[in-house]
Amino acid sequence: MNRRNFIYLMGCGCMSIGLGACSSVPITDRKQLKLIPESRLNAKAAQLFEQVKKKEKLSKDKESLNKIIEIGSKIEYSISEYFSRKNLPDPTANFDWDYILIDNKKVKNAWCMPGGKIAFYTGMLEITKNDNGLAAVMGHEVAHAVAKHSVERASRVVLVNTSTQIIDIATGGKLSRTNQATGGAVGLLSQIGIMNPFSRKQESEADYLGLVFASLSGYDIRETIKIWERMSEANKGKQPPQFMSTHPSNKNRINNISEWMNEVILDYPPIT
């Protein structure tokens, strides 16, 4: 088979896979590509979460952990109830929620694995300060799982790698040789030009959905701006240029959240 026919057939194959795997993010309706089954990532995440529990030092602060679980449970309920009232599929129907608090004051972070596996670090509690702040961070992290961002990222990696291999074959290995000669510049350009902007888009989407979920759960989402102001102060001078980062700058996040605030409060009142 000549090179032109090979490219044509592979291109058609990729297009057919892409068209068959398109779906939309709940609420934002952004089109996304999902080539990998969510169930597979959820199962992997559950295994990794158990490993984290064994590896990390878990906090003995039961009061803070119970507060995390309480706020998380409210958000769980609000999400399911919202989609139920809208007669839409619940994106968390297959979640097996679990929460841990990791004893590490140096780490100001929280995350949510696919399937609802959530971890907070004790250092993050210094940023959240109160229930509204904790709900803001919780809403953002849960939003990543609700929007299936991990599935989307994994699918995009598969697509980018496949496309790179096709180009390399079509050019007789020139791409590989160029990448080696330039010390991995092709891979770096792919990261900066494709993956990082895409990750920033997901982060902004999680910011918006996080506001929605916190508002539906009855929390004051105006605290979200204060969260990012405190985070900006804590990370002063440590942020890389935005084009090198997978996250929007704190300044851009604050500006976006300020623009969305009133709309979210009006369109997504607390579920009672």
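E223 and R230 pair up in a salt bridge, with their closest N and O atoms 2.9 Å apart. A salt bridge here is a side-chain nitrogen of Lys or Arg within 4 Å of a carboxyl oxygen of Asp or Glu. E223 counts as buried at 9% relative accessibility, while R230 is partly exposed at 22% relative accessible area. For those labels, buried is under 20% relative accessible area, exposed is over 50%, and partly exposed is in between (1.4 Å probe, protein chains only).

Keep in mind that this is a predicted model, where local features need pLDDT of at least 70 and side-chain atom pairs count only at pLDDT 80 or more, though totals for chains, interfaces and linings use all residues. Residues are numbered from 1 along each chain as its sequence is written, and side-chain values use heavy atoms, leaving out hydrogens and water.

## Other salt bridges

A search of the whole structure turns up 17 salt bridges. One of them joins the side chains of K53 and D98, at 2.7 Å from N to O. K53 sits in helix α2 (residues 38-55) and D98 in strand β3 (residues 98-102), so this pair ties together parts that are 45 residues apart in sequence. Helices (H or I, at least four residues) and strands (E, at least two) are DSSP runs, numbered from the N terminus. K53 itself is partly exposed, at 24% relative accessibility.

Then there's K74 with E70, whose closest N and O atoms are 4.0 Å apart. They're 4 residues apart in helix α3 (residues 62-85), which puts about one helical turn between them. An α-helix has 3.6 residues a turn, so residues three or four places apart point the same way. Both are partly exposed: K74 has a relative accessible area of 38% and E70 has 36%. Salt bridges with shared partners also link K67, E70, K74 and D131 into one network.

## A look at helix α5

Helix α5 covers residues 131-146, which makes 16 residues. From first C-alpha to last it reaches 21 Å, close to the 22 Å expected at 1.5 Å a residue; that expected span is 1.5 Å times one less than the number of residues. Most of α5 is covered, with 14 of its 16 residues buried.

What happens at the two ends? At the start of α5, a side-chain oxygen of N130 comes to within 3.1 Å of the backbone nitrogen of N132. Just after α5, K148 takes a positive phi of about 60°.

Technical notes. A polar contact is a pair of N or O atoms within 3.5 Å; within protein, one must be able to donate a hydrogen and the other to accept it, and residues adjacent in sequence count only if both atoms are side-chain atoms.
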